[in-house]
Amino acid sequence: MARKQSDYLAGLLADEAPAPAESQAIPLVVEDDPSPAPHIAGPARASNRAGLSLLGRENALARAASGEVRQVTQLLINPARVRLWAGNARIQERLSVEAVQDLIDSILAEGGQKVPVVVRHVSGDPDYDYEVIAGTRRHFAISWLRANSYPEMKLLAQVADLDDEAAFRLADIENRARKDVSDIERARNYAAALEAHYGGKAVRMAERLKLSKGWLSKMLKAATIPDAVLSAFSDLSELTLNPAYALASALDDHNRAQAIVAEAGAIATSNAAASAIASPPLAGAVVLKRLMDASSAPRVRVADTRIEIAGQFGRPILAVKSVTRQGVTLHLPTGGGASDEQLQKALQTVLETLRQNGVSLA
């Protein structure tokens with residue numbers, strides 16, 4: 001994977017400044033607290049290896065000086081001196097220990113970070129020396145490990161000299177291969193980059209990123225979905241491009257958009273209520289169907305609050321079907337698998353949620 005990252009980085013840099021056809025990147029690893037070199041038994045072997053190592057280094061430096069190869073510098077640095085690039089696609093508020101636990105476990109199992117993040121120098125900021133272009137999760141994981149029993153951990157970083165547009169293209173290439181960056185996050189990142197780097201010209205952007213114009217158009221459309229609607233999805237990765245495009249298109253109708261936003265608010269409230277009793281949120285497919293089925297027909301209600309709480313098997317155990325001036329209609333589905341205690345907690349959560357939404361039951 002590290003090799004692949006080096007390949008695409010070299011490719012992007014070559015696109016900015018063409019190099020000889022047979023050039024290659026030489027990683028130069030610089031540690032701010034290097035460990036002693038391993039001992040090699042036997043004076044003859046040590047002498048031979050030292051000679052070969054010196055000769056190889058001299059040859060490498062000579063080739064770099066001639067312009068035949070391009071040097072790539074790697075550093076071990078304190079992540080606290082590294083800020084996040086403003087052009088990053090990932091929604092930082094959704095980045096948590098739980099979201100990167102697999103990466104934290106992998107770093108610990110492998111004895112350290114193996115794939116470097118890509119950073120660039122910053123100036124004029126006394127608090128930071130670099131900013132992360134690609135590798136936000138790795139930066140988060142190392143920062144967390146340093147704060148939690150592993151203060152010696154350092155961030156392995158590959159330093160690149162990139163302008164904002166080149167940095168965006170590099171980050172985009174890495175994000176395409178990552179399943180943990182949702183289509184919505186990428187879509188919003190594209191929309192911001194369209195104005196920032198390409199003067200609002202989608203055709204130019206598609207050419208630079210080597211993307212289909214039709215596919216990019218869909219992404220830019222999906223980026224228009226407002227936060228009020230996205231809040232209905234507990235996991236944004238469940239909203240993929242084609243359904244997101246259909247949802248964004250449905251929001252073009254003003255009356256329908258109002259109904260969708262209202263439905264999204266009800267779903268978000270329901271998910272929050274479920275979370276309060278450690279129940280799973282509604283699945284993305286269910287959320288999407290409810291949003292797309294939202295009707296713009298007027299409803300006479302005291303509050304637009306519909307709550308559905310799922311049990312330990314993911315099936316509904318209690319739902320609020322309607323809230324009118326006459327009262328609240330509850331539904332207890334059969335086959336939910338909930339115990340009496342779980343039902344009591346669910347009912348208490350529903351009552352508290354109704355009161356918070358202005359429904360008086362006194």
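## Core packing and secondary-structure contacts

Leaving aside neighbours within four places in sequence, Met-205 is in contact (heavy atoms within 4.5 Å) with Phe-168, Tyr-190, Ala-193, Leu-194, Tyr-198 and Leu-216. The model is predicted, so local features need pLDDT of at least 70 and side-chain atom pairs count only at pLDDT 80 or more, while totals for chains, interfaces and linings use all residues. Residues are numbered from 1 along each chain as its sequence is written, and side-chain values use heavy atoms, with hydrogens and water left out.

Met-205 is also among the residues with the most contacts inside the largest nonpolar core, together with Tyr-190, Ile-225, Phe-233 and Leu-291. A nonpolar core is a set of buried Ala, Val, Leu, Ile, Met, Phe, Trp, Tyr and Cys residues joined through side-chain atoms within 4.5 Å; buried means under 20% relative accessible area with a 1.4 Å probe, protein chains only.

| Core | Residues in core | Residues named |
|---|---|---|
| Largest | 49 residues | Tyr-190, Met-205, Ile-225, Phe-233 and Leu-291 (most contacts) |
| Second, separate | 19 residues | including Leu-75, Val-132, Ala-157 and Val-159 |

Helices are DSSP runs (H or I, at least four residues), as are strands (E, at least two), numbered from the N terminus. The axes of α6 (residues 183-198) and α8 (residues 213-222) come within 8 Å and cross at roughly 100°; axes are lines fitted to C-alpha atoms, for helices over the stretch in contact, and angles run from 0 to 180 degrees between N-to-C directions.

Terms used. Buried < 20%, exposed > 50% of the residue type's maximum accessible area, 1.4 Å probe, protein only.
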